[in-house]
Amino acid sequence: MIGAKPLAIAKGEDRQLFKEAMLKIGLDVARSRMVKSMAEAQAAADELAMFPLIIRPSFTLGGSGGGIAYNKEEFDRIVANGLDLSPVHEVLVEECLLGWKEFEMEVMRDHKDQCVVICSIENFDPMGVHTGDSITVAPAMTLTDKEFQVMRDASFAVIREIGVETGGSNIQFAVDPVTGRMVVIEMNPRVSRSSALASKATGFPIAKIAAKLAVGYSLDELRNDITRLTPASFEPTIDYVVTKIPRFAFEKFPDADATLTSAMKSVGEAMAIGRTFKESIQKCLRSLEIGARGFGGGGKHGGDDQFGEEAINQKLGTPNAERIFYIRHAFRAGYSVEDIFDLTKIDPWFLHQMRQIWEMEEELKASAASEGSSRGNEAGASNSSLLTSAATTGSRSALATIDTTLLRRAKQFGFSDAQLAHILKSDMATVRAERKQRGVKTTYRLVDTCAAEFEAFTPYYYSSYGDENEVMPPKGKKKIMIIGGGPNRIGQGIEFDYCCVHASFALREAGFETVMVNSNPETVSTDYDTSDRLYFEPLTLEDVLEVYQQEGCVGAIVQFGGQTPLNLASALKANGVNVIGTSPESIDAAEDRKLFAAILDKLGLKQPANRTALSEAKAIARAGELGYPVLVRPSFVLGGRGMFILYSEEELKAVVRQVFDVMPGKPVLIDKFLEDAIELDVDCISDGETSVVGGMLEHIEYAGVHSGDASMVMPPHTLPAEMLATVRKATYELARELKVVGLMNIQFAIKDSELYVLEVNPRASRTVPFVAKAIGVPLAKLAARIMTGAKLKDLGFTREQTPKHWCVKEVVIPYVRFPGATIALGPEMRSTGEVMGIDDDRGLAFAKAQAAVKPGLPQKGNVFISVKDTDKPRAIEIARSLAQFGFTLYSTSGTAKVLAAAGIEVKRLAKITEGRPNAVDLIKNGQIQMVINTPGGLVPRRDENAIRSAAYAHNVCIMTTITGAEAAVQGVRALKEKHVGVRPIQKYMGNVDLV
Amino acid sequence: MPTSKPAVLALEDGSIFRGLAFGADATIAGECVFNTSMTGYQEILTDPSYFGQIVTMTAVQIGNYGVNDEDTEAAGPKCSGFVVRELSPVVSNWRSRLSVGDYLARHGIPGISEVDTRALTKKLRVDGAMKCCLSTQPISDEEAVRRAQSWQDMAGADYVKDVSCKEPFIWRAGDAANHNAAYFPVGTTLNAPAVPAKKFRVAAFDYGAKFTIYRKLVRHGFEVQVFPATATAAQVREHRPDAVFLSNGPGDPAALPYIHQTVTNLLPDFPIFGICLGHQMVTHALGGTTYKLKFGHRGGNQPVKNLETGKVSITAQNHGFATDPKSIEARGAKVTEINLNDNTVEGLRHTKLPVFSVQYHPEAAPGPNDADPLFVDFYKMVEARKAGKI
């Protein structure tokens with residue numbers, strides 16, 4: 001191992017070793033005592049001599065049984081409970097650092113023991129919220145140089161003591177806001193999520209430099225890419241403020257606790273750069289793409305509703321995803337900074353900044369009100385405004401008369417035109433036109449690592465409202481804008497960034513200048529060397545349009561970044577942007593039920609019978625017409641939000657309200673659900689003349705599981721060639737009809753040898769990178785070339801590839817992060833990642849995919865099997881095979897009876913509701929190696945979910961569909977009978993005939 | 001606290017930057033420079049080397065942690081004016097006593113906020129350091145530009161006499177007002193070494209010395225006797241010091257012939273350590289020359305490579321002049337350290353005499369402590385000299 005050695009990793013990650021190491025080098029840590037009895041606990045409490053205290057029982061699941069004691073009585077109760085719950089009867093009594101200021105240092109070290117700090121980060125959310133779930137700000141805002149330098153020296157002492165010989169580390173500190181006492185929280189002896197953020201925040205590419213340090217370079221031997229003339233052995237200094245805000249997905253896990261704690265729950269993040277903190281945080285809030293426009297100014301969380309004291313206190317007192325917005329609600333309700341500090345412990349400096357933003361909103365409002373009325377009076381007095389009709393005074397007057405200096409200051413405070421339009425009762429286009437006419441123009445500043453001390457050569461920009469515009473002159477090439485995907489979220493992840501990055505590479509190779517716009521620091525697209533020009537900007541109409549216009553782009557690509565750029569497509573086009581590739585009209589046609597049905601009719605293609613309803617009563621009636629089961633979902637959502645498969649009117653009645661609530665006022669779509677249908681994802685590329693299927697992926701689960709969560713096999717493993725020919729024909733016809741120029745994804749369902757079209761997306765899909773890797777053809781690159789006028793025949797890709805190897809996709813769903821969440825695959829997507837298993841043997845490909853998502857398929861041991869009635873016949877074959885492989889089978893009454901009747905030896909277990917030991921006990925004791933459990937109803941019953949939770953928590957292989965279980969059996973068979981070898985993916989490509 | 005009162009910054013080339021006033025009600029002229037440190041404005045404001053200069057911070061959010069009692073480098077702020085992008089409306093730090101605005105007002109120094117400091121910095125980088133005028137009073141743009149242009153350039157001027165102490169004194173480690181202890185949060189020691197038991201007497205010339213230099217000398221085992229810049233070699237010899245220290249200070253190093261002569265006189269007989277202007281004084285005392293840099297080095301992230309060890313330190317710097325390497329190599333000294341950004345001289349050592357000096361600030365304050373071991377080197381050099389080894 002190079003860089004960090006195993007010992008360093010152990011020392012960094014083991015609590016006790018780390019604590020000892022810190023004390024050895026003269027650093028402070030949270031004080032704590034390990035105790036095994038009430039008496040010892042009492043002694044520890046006396047010794048620590050303070051409340052609150054944190055109690056952490058050893059070896060309990062997810063830290064259960066722990067808590068914070070604010071007084072002696074609570075302490076006794078929690079310790080007693082903790083000692084009881086801990087299998088080793090041991091609890092840690094620890095000093096509580098909740099509410100302390102939290103800082104991070106990103107440091108690097110080389111083999112000459114030269115150390116540098118790349119970035120300091122201050123958490124807006126104080127201690128108690130995982131740094132991944134905290135709003136964070138760079139550089140540190142509230143430390144004097146003395147305090148900062150002690151932290152810097154401490155960071156170097158830590159990286160040296162832990163023994164990271166070369167590379168980067170992240171070190172976290174807590175600081176008592178009253179005394180300044182500084183405590184080391186933890187260190188990551190590696191490049192971390194924060195290093196990615198620090199790299200984007202400063203322009204210093206930590207991972208790239210760390211890699212070079214690991215192979216023997218020293219910092220002074222490497223150049224700073226951005227300044228070219230200066231070395232990498234320096235510390236970036238920045239003249240702007242960077243804010244990161246996490247993006248959450250609690251709506252996907254409604255049963256889970258949405259309180260933010262020390263366990264990370266966010267699924268992505270947005271970052272924004274502004275000249276000041278105020279500009280930066282407002283830009284970041286609108287970068288989140290959750291409907292918020294910033295801190296106030298309308299939109300989600302920014303309206304003028306009044307909140308009661310109880311709601312405000314609750315939302316401020318307990319950390320949660322909306323807390324930042326409640327700071328404004330609190331100001332509006334008359335809370336002072338001190339009041340809010342008492343509830344949140346957010347540093348007063350940050351709270352005052354937020355207050356300044358709110359005060360600006362109020363000042364604008366007041367100005368609008370007074371100007372509006374005074375203007376009305378003036379209109380009578382002077383005749384100069386005869387042309388201003390009464391109709392326009394209402395919407396324009398406030399804006400037209402507002403002081404230009406105030407307008408400029410508002411923009412410098414990060415207010416978007418949309419916010420200003422809301423506050424000044426105008427519309428975005430008018431605000432935009434008015435401010436431009438008054439000379440309040442967007443200027444772009446450089447991220448240069450050195451606060452302008454040296455010339456920068458890398459065009460990495462952020463927008464601001466300053467005296468100077470630093471956009472570099474064009475190189476004379478045609479410029480194409482690529483709009484990225486924004487923050488990672490469930491349903492939209494790095495797959496789309498892959499496509500954007502490939503598009504940029506392909507177009508640079510083809511002689512274009514590429515202009516990337518994105519707001520996600522976790523991406524390759526926001527590396528300063530991926531595109532010719534990088535704009536770290538929110539993906540809103542205002543921000544994207546400004547870049548397009550200032551750069552003088554000739555075209556913009558919207559079909560690679562997922563839903564984010566697609567949502568902007570029509571508005572961009574209406575504002576004169578040349579959207580290249582498939583037209584926004586075609587994209588809309590595919591989304592519009594009526595237009596789409598007409599297209600399918602014309603092509604003679606089927607879709608499941610469906611209806612639309614605008615009310616709950618109508619929805620129930622329409623479902624009755626179709627006949628159950630039905631699939632209901634709100635319109636205009638991605639990732640299957642609010643989507644349900646319902647088998648009866650009772651089930652529908654139970655959830656119909658919820659479905660309408662997702663997109664209030666929008667129709668709800670009801671489809672006849674094709675039960676036990678085979679689902680197929682097809683990715684296709686088309687240049688308007690030629691269309692080629694990139695790949696067909698057959699789902700392992702039956703239709704009903706969101707394609708983002710389904711495991712898939714490529715090429716299709718059960719469908720006959722004639723059906724695939726039908727699919728191919730349908731795909732080409734749809735591509736032609738929708739005039740696809742670029743990529744298209746279609747989801748088909750096959751039931752009783754009938755082909756149904758479920759959905760068409762004329763854009764890059766989540767599976768494009770998977771397919772590209774499976775066939776060894778850079779589909780996204782080709783698509784980008786096509787969008788700029790190239791033809792497939794010229795690019796040398798005209799024939800569909802059918803690999804001779806198998807590729808299996810499996811997904812990662814973060815159930816363990818959301819204790820209490822329902823564990824079942826369904827129509828609502830909840831996965832956050834995926835893996836690919838590749839092999840010449842399908843069983844091995846599946847086994848590899850399982851191994852990659854962990855824990856992998858077992859080859860011996862015990863299997864717990866419990867399936868719903870309709871799955872029981874197939875469960876017999878599964879059980880028989882497993883028994884033959886030497887597994888011991890455990891089951892509960894229903895399934896056990898069926899298996900026993902089939903002559904399979906099975907050990908009976910009590911149902912959870914019946915007694916013990918039950919399946920959960922066995923799982924906890926490590927006696928179960930695989931669980932096969934298929935849900936009996938809409939959601940798994942409580943006891944089923946308990947088994948599944950236990951399986952996930954204890955890292956036991958689990959199959960929740962019967963088809964998944966069958967695939968697992970094949971996988972186990974393959975593992976038993978065949979050899980698992982290692983082969984580079986390039987070697988598989990020999991299986992593919994390219995031309 | 002920020003005000004809504006207008007203020008103006010005019011450069012000699014006629015550029016006008018408008019902003020809001022803070023600090024004192026005044027109109028001043030000086031040399032406009034920028035500092036890229038992200039922390040440490042209090043140390044910068046009080047660093048006497050900024051005498052005659054109007055300092056622009058490239059970092060944006062200034063004043064957040066206010067001003068405290070300990071982090072001062074002189075009895076009060078020494079620069080002429082202060083330019084920032086945004087001044088904090090509030091101070092937030094457990095050690096803070098005062099806001100920056102109140103502090104500057106109390107000492108009669110004007111400040112301007114809401115200035116596009118990046119645009120200003122780029123101008124200074126491209127066109128070089130400039131004469132400027134900062135006014136928080138109602139004066140016309142023309143008047144402000146005229147004042148900037150008519151300011152007497154620092155070239156050839158002796159600024160040291162304005163900031164040096166008038167009488168010799170002893171820097172007392174035990175005096176609470178000197179805040180001599182290193183800053184450590186309670187519970188953190190970083191295993192800082194104890195002060196050596198054996199003390200050496202150092203005669204420290206105050207050319208505008210930062211207090212932290214005295215503090216560090218004390219912490220590294222010296223008894224510090226401070227002399228004014230005008231003290232003669234004879235006065236120093238009379239004190240019978242074990243070593244001589246030459247401090248930092250403001251202005252043009254070539255304009256100080258009386259200091260050059262004093263140092264030339266002391267060179268053969270004492271171990272000598274110089275910092276910043278002190279390094280330039282060694283240069284001139286040896287017969288070498290200095291020249292003005294286009295816009296200087298001011299910040300806390302400057303990489304300096306030690307040519308003898310090959311190692312790089314991140315250093316705090318604040319200088320507008322530099323030593324001409326050829327001029328000293330001809331005079332018995334060699335360049336030991338260079339700035340990796342522009343290869344200028346950052347350190348020298350005499351090949352025969354126990355004399356070394358650095359252009360950067362090993363005392364930090366503000367800035368990284370990476371070069372702190374230089375004080376240990378100085379102590380060891382004196383120790384070796386006393387033992388008759390050199």
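In what order do the 4 strands of the open sheet that holds S18 of chain A stand, and is their pairing parallel or antiparallel?

Reply: The structure is a predicted model, in which local features need pLDDT of at least 70 and side-chain atom pairs count only at pLDDT 80 or more, while totals for chains, interfaces and linings use all residues. Residues are numbered from 1 along each chain as its sequence is written, and chains are lettered from A and ligands numbered from 1 in the order in which they are written.

The order in chain A is S18-S21-S19-S20, and the pairing is antiparallel. Helices (H or I, at least four residues) and strands (E, at least two) are DSSP runs, numbered from the N terminus. Two strands are said to pair if DSSP finds at least two bridges between them. Strand S18 (610–613) and strand S20 (644–646) of chain A each have a single partner strand and stand at the edges, so one side of each has no neighbour in the sheet. On average, neighbouring strands of this sheet are turned by 25 degrees against each other, direction ignored.

S18(A) is joined by 4 bridges to strand S21 (residues 668–672) of chain A, and the two run antiparallel. Here A:Thr612 stands opposite A:Leu669 in S21(A).

A helix accompanies the strands. Helix H23 (residues 649–662) of chain A lies across strand S19 (630–634), S20 and S21 of chain A, and runs at about 25 degrees to S19(A). Axes are lines fitted to C-alpha atoms, for helices over the stretch in contact, and angles run from 0 to 180 degrees between N-to-C directions. Two residues are in contact if their C-beta atoms, placed from the backbone, lie within 7 Å.

Another sheet of chain A may be set beside this one. Its 5 strands form an open sheet in the order S31-S30-S29-S32-S33, with parallel pairing. Strand S31 (907–908) and strand S33 (957–959) of chain A are its edge strands, each pairing on one side only. Within it, 4 bridges connect strand S29 (residues 862–866) and strand S32 (residues 930–933) of chain A, which run parallel; A:Val863 stands opposite A:Met930 in S32(A). Helix H30 (residues 893–901) of chain A packs on this sheet, touching S29, strand S30 (888–891) and S31 of chain A, and its direction makes about 135 degrees with that of S30(A). Helix H32 (residues 942–953) of chain A lies across S32 and S33 of chain A, at about 150 degrees to S32(A).
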